[in-house]
Amino acid sequence: MSIRLLSVFLIAMCLQFFTGSTIAQPFNSQTTVFVEAESFENKGGWVVDQQFIDSMGSSILLAHGMGEPVNNAQTTIKFPKAGRYNLFVRTRNWVAPWTKEYAPGRFQLIIDGKIYPTTFGTEGDAWHWQRGKEPVAITADHLDKTLELLDLSGFDGRVDAICLSCDENFMPPNDIKVLKKYRREALRLPDITPDAEGGAFDIVVVGGGIAGTCAAISAARLGLNVALIQDRPLVGGNNSSEIRVHLQGRINLPPYPNLGNLVAQMNHRRDGNAMPADYYEDEKKMNLLAAETGVKTFFCTHAIGVEMNGNKIAAVIGKHTETGKELRFAAPLFADCTGDGTVGYYAGADWRMGRESKAETGESLAPEIADKMTMGASVQWYSVDTDNATKFPQLGWAIQFNHQTAKPMLKGDWDWETGLNLDQIWDFERIRDHGLRAAYGHWAYMKNQAGGDWTERVKNRKLGWVAFISGKRESRRLLGDVILQEQDIVGQREWTDACVTTTWTIDLHYPTDKNAKDYPGEEFMTVARHKQITPYAIPYRCLYSRNIGNLFMAGRDISVTHVALGTIRVQRTGGMMGEVVGMAASLCKKHNTTPRGVYQSHLDELKSLMEEGVAPPAVPRSGLKTSQPSWLKNAGKNFARCAKVTVSSVHSSGLYPATNVNDGIYDLANNAARWVSDKNDTQHWVTFEWEKPVKINAVRIISGQAGDGSPKTPINDFVLQRTSDANKWDNIEETVVIGNEQCDFGCKFPKTEVKQLRLLITTTPENIARIWDVEFYCLE
């Protein structure tokens with residue numbers, strides 16, 4: 001070989017070693033076995049995680065045991081021939097972005113019952129092929145082998161794929177584009193992607209959260225043949241038991257009170273974030289969808305690309321998140337309900353991500369200079385009580401807490417939120433993992449360092465649930481013919497195509513000042529800053545792309561600014577968007593037109609559909625009593641009005657002060673005039689103090705929050721207390737209440753003369769006390 005050829009050869013080998021991208025070999029089934037981890041026949045305790053397909057190329061298996069090793073995953077493989085096979089595992093040390101000293105996600109392989117000597121998941125920040133220490137010897141009489149994944153820690157070890165080759169010179173490709181081609185060869189995927197079964201679809205809805213599910217059902221009920229593509233094994237998105245965010249936003253309001261009837265069919269009876277799985281009633285949503293014969297749902301399918309015909313989408317390509325098989329979904333219409341604007345992105349739709357500047361939008365809440373900041377993603381968690389004392393290790397790789405930086409708690413809610421200054425798509429694995437480090441680090445502190453009363457309180461507790469699917473709030477926003485802004489909402493701008501009514505505050509999230517000070521650049525706790533609004537009907541023109549002719553949107557990826565996203569992003573509001581998209585799609589088919597064409601030529605017909613709705617009106621939630629106490633009409637003076645009020649805490653938004661408790665103002669359809677506590681209190685209380693003693697024998701407590709047709713979430717367990725001579729709080733026994741379900745509660749008790757009273761609340765939904773008004777009377 002000449003010196004020049006040798007140099008070229010060495011350079012090529014170096015490039016392949018560092019990038020795997022220049023001279024990658026095609027898959028050779030005669031020498032190589034390639035196994036996608038997510039395709040294991042028995043996944044044991046490992047879970048399929050599809051969240052990072054766009055950034056790293058594949059689903060993975062995750063050992064999400066919350067510190068307890070999970071059961072082995074197992075599958076069978078067949079070697080092509082006898083030989084000595086080098087072993088490669090595509091994995092990474094997931095804490096390497098923060099520390100190289102630790103590797104919590106360790107695991108090993110077991111081949112035919114024998115533990116392979118290499119421990120994997122111990123090196124490398126990026127996804128890469130970690131090579132095993134020694135070849136695997138395969139004999140001709142035993143080519144079939146069992147392959148197992150052995151988790152060593154329970155702390156989120158992860159595997160993309162496993163490759164074994166008897167070609168001594170073989171190294172699997174690492175470059176994501178080259179690896180994509182290699183996977184297709186190894187999985188024997190056809191060059192031409194087959195069409196999905198289910199007939200000729202009228203619309204393909206991508207994304208099975210509340211918005212996408214409502215879009216699919218709405219379209220089907222109006223006669224369309226619908227394909228719904230969902231990348232998880234169940235629908236519901238953030239409202240599923242995988243993420244556990246309860247439904248928010250009001251429905252059934254003017255100008256179209258029947259919008260929201262379909263959303264109401266998905267309502268769950270109990271509210272709260274980060275609660276046990278059955279709170280979210282997955283089966284209700286799944287059964288509702290299954291009953292629609294016009295919808296064919298493709299679960300565990302992730303959109304990985306599109307085919308275009310001019311400025312219109314011809315088909316979406318979906319990849320099964322476990323088998324890797326691909327399907328083509330063709331239709332004249334598409335709806336991007338992915339949250340990330342995935343379909344629009346692949347199609348070349350105009351989009352934004354981050355915050356617009358004040359100069360660009362004129363919004364009072366916009367920053368002076370545009371930036372890439374978004375709201376973050378939540379990794380919620382909670383602990384559970386057990387019968388015995390439990391242990392949890394000190395974790396050097398997790399976020400470190402001390403008495404100054406920790407806020408002791410037994411549960412992490414929506415505000416355990418990360419990644420506000422990272423890219424919520426391309427950096428999302430890091431964002432989710434940082435949330436895990438926060439949850440685990442905090443629990444390590446609680447179990448090992450918190451001290452005081454907390455030592456006994458957590459003695460028998462362990463982590464009961466930590467989300468591995470993050471609850472995302474914001475990423476791409478696809479642009480439509482109208483880009484909704486703060487001024488439109490606050491100024492109540494009227495639109496000829498007004499449709500869905502948004503009711504949530506303009507609710508924008510930022511790292512807390514303390515968290516930013518304690519963990520600069522690595523924040524994981526946020527505060528919500530609210531701007532109250534009057535219910536506002538947004539324009540239909542926010543629900544379709546301005547430059548992709550056949551693309552609808554519903555959910556958090558519609559055409560709004562970052563500021564306006566703060567109000568429209570909650571799930572019931574997104575569900576109503578889905579209802580409208582289904583209606584508009586039916587008109588597109590009826591009149592052979594486009595989403596824009598519905599606005600231009602068939603708006604009155606769309607308004608008629610919105611007036612009618614696609615579901616009957618919901619029956620108001622039963623069990624929560626809102627009638628006034630029978631004695632109230634003759635009660636006389638309300639002594640609470642002249643008392644000085646103090647409370648245990650106030651909500652971090654600052655919108656719900658203690659003065660609301662006794663101002664005499666309440667509207668069970670309006671959440672504004674309430675006192676709302678912080679959720680991190682171990683107990684909630686309200687004290688009333690008078691300048692002179694007063695005599696009382698009745699109390700009225702109006703609590704909860706506005707719901708769908710009736711209020712909900714009243715305080716559950718509580719008691720009135722008075723001070724004794726020993727300056728202690730003593731219960732008024734007649735007022736001890738357990739399991740209250742009355743939003744308008746009244747109670748009489750023996751007449752007592754007091755100068756101080758305390759309402760002690762020990763149980764309340766989400767550990768948040770919400771009170772419109774407390775009244776005290778002296779009945780004759």
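The model is predicted, so local features need pLDDT of at least 70 and side-chain atom pairs count only at pLDDT 80 or more, while totals for chains, interfaces and linings use all residues. Residues are numbered from 1 along each chain as its sequence is written, and side-chain values use heavy atoms, leaving out hydrogens and water.

**Stop 1: W127**

Select W127, in the loop between β7 (114–115) and β8 (128–131); helices (H or I, at least four residues) and strands (E, at least two) are DSSP runs numbered from the N terminus. W127 is buried, with a relative accessible area of 9%; buried means under 20%, exposed over 50% and partly exposed in between, with a 1.4 Å probe and protein chains only. Then show M56, 71 residues from W127 along the chain, with 7.4 Å between the two C-alpha atoms. Not counting residues up to four places away in sequence, W127 touches M56 and E429, and others including I60, R92 and N174; contact means heavy atoms within 4.5 Å.

**Stop 2: helix α16**

Move to residues 603–612, which make up α16; its buried residues are L603, L606, L609 and M610. They are on the same side of α16, because they cover an arc of only 115° around the axis, the arc being that of the directions from the helix axis to the C-beta atoms. D604, E611 and E612 are exposed on the other side. To see what covers the buried residues, show β28 (498–502), α14 (571–591) and α15 (595–601), which are among the covering elements. After α16 comes G613, with a positive phi near 80°.

**Stop 3: T752**

Next select T752 in strand β38 (residues 744–763). T752 is buried, with a relative accessible area of 8%. Its side chain makes a polar contact with the side chain of R722 (2.8 Å). Beyond four places away in sequence, T752 touches V694, K695, I696 and R722.

**Stop 4: W351**

Finish at W351, in strand β20 (residues 351–352). W351 is partly exposed, with a relative accessible area of 37%.

Methods. A polar contact is a pair of N or O atoms within 3.5 Å; within protein, one must be able to donate a hydrogen and the other to accept it, and residues adjacent in sequence count only if both atoms are side-chain atoms.
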